[in-house]
Amino acid sequence: MRVDIISIFPKMFSAVLDESIIKRAQLKGKVKIFTHDLRDYTLDKHRKVDDRPFGGGAGMVIQVEPIFRALQAIKRKIKGKSKVILLSPQGKRLDQAYAKKLSGCRNLIFICGHYEGVDERVRQHLVDEEISIGDYVLTGGELAAMVVVDSLVRLLPGVLGDKNSLNFESFEGNLLEYPQYSRPAKFKNWPVPEVLVSGDHDKISSWRKQEAIKRTKERRPDLPPHQLYP
Ligand code: ADE
């Protein structure tokens with residue numbers, strides 16, 4: 001997979017992209033991620049990428065032209081088709097199913113919005129999908145882009161070492177994850193459930209299923225009925 005991210009704060013990304021599993025995924029060649037400074041694509045001598053909204057009103061709007069030019073330049077470097085995604089609170093809400101769908105794409109280009117928004121012509125003519133990471137407003141699309149990229153890179157084949165860690169995690173089959181414990185078995189007066197140290201793998205497996213179902217019913221009754229454990 002190739003990911004291109006267009007932003008006016010490209011330096012924000014290194015903290016996330018150059019660490020941990022995403023970094024390893026890049027080193028393993030599972031994903032290539034490029035960040036682009038939108039200001040490199042403006043014709044303005046002050047590298048300005050925003051202007052006042054037509055019709056008046058507060059704030060500034062990111063202009064269509066630098067985004068158009070950035071996309072043109074990036075698409076020239078990409079072999080094959082790409083999906084252009086705008087991060088904004090007006091987009092379709094990200095969930096695990098959506099992340100899974102996106103993880104099947106070969107080329108993704110993310111545009112991070114800012115200020116009062118982006119010129120509507122970006123949405124109308126340049127963008128294929130618009131994604132929100134939740135019903136709250138961030139100062140810009142950068143953190144949202146990192147969340148989206150993180151959620152889909154870890155789904156790429158070969159990125160997570162242990163296949164099982166994908167199978168039984170939260171939201172697989174619309175179930176939250178079962179509780180996990182590790183050493184020491186005895187700490188203060190806080191015991192680990194007996195069954196987990198019993199060595200009986202059938203019992204452990206059914207305990208985990210029950211716990212996952214119980215937790216999902218308690219915490220997320222809004223999730224559609226799970227399919228894994230009818
Ligand atoms: N930009 C600002 N807020 C956002 C959100 N909730 N999701 C995606 N992009 C955003």
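A nonpolar core is a set of buried Ala, Val, Leu, Ile, Met, Phe, Trp, Tyr and Cys residues joined through side-chain atoms within 4.5 Å, where buried means under 20% relative accessible area (1.4 Å probe, protein chains only). The model here is predicted, with local features needing pLDDT of at least 70 and side-chain atom pairs counting only at pLDDT 80 or more, while totals for chains, interfaces and linings use all residues. Residues are numbered from 1 along each chain as its sequence is written, and side-chain values use heavy atoms, leaving out hydrogens and water.

**Exercise 1.** Find the largest nonpolar core and the elements that build it.

*Solution.* Start with the size: this core has 31 residues, and Ile 5, Phe 110 and Val 148 have the most contacts inside it. H6 supplies the largest share, seven residues. Finally, look for a second, separate core: that one has 20 residues, including Ile 67, Leu 71, Ile 111 and Leu 126.

**Exercise 2.** Work out which residues Val 148 touches.

*Solution.* Set aside residues up to four places away in sequence. With contact meaning heavy atoms within 4.5 Å, the partners of Val 148 are Leu 87, Leu 94, Leu 102, Phe 110, Ile 131 and Ile 133.

Notes: Buried means under 20% relative accessible area, exposed over 50%, partly exposed in between (1.4 Å probe, protein chains only). Helices (H or I, at least four residues) and strands (E, at least two) are DSSP runs, numbered from the N terminus.
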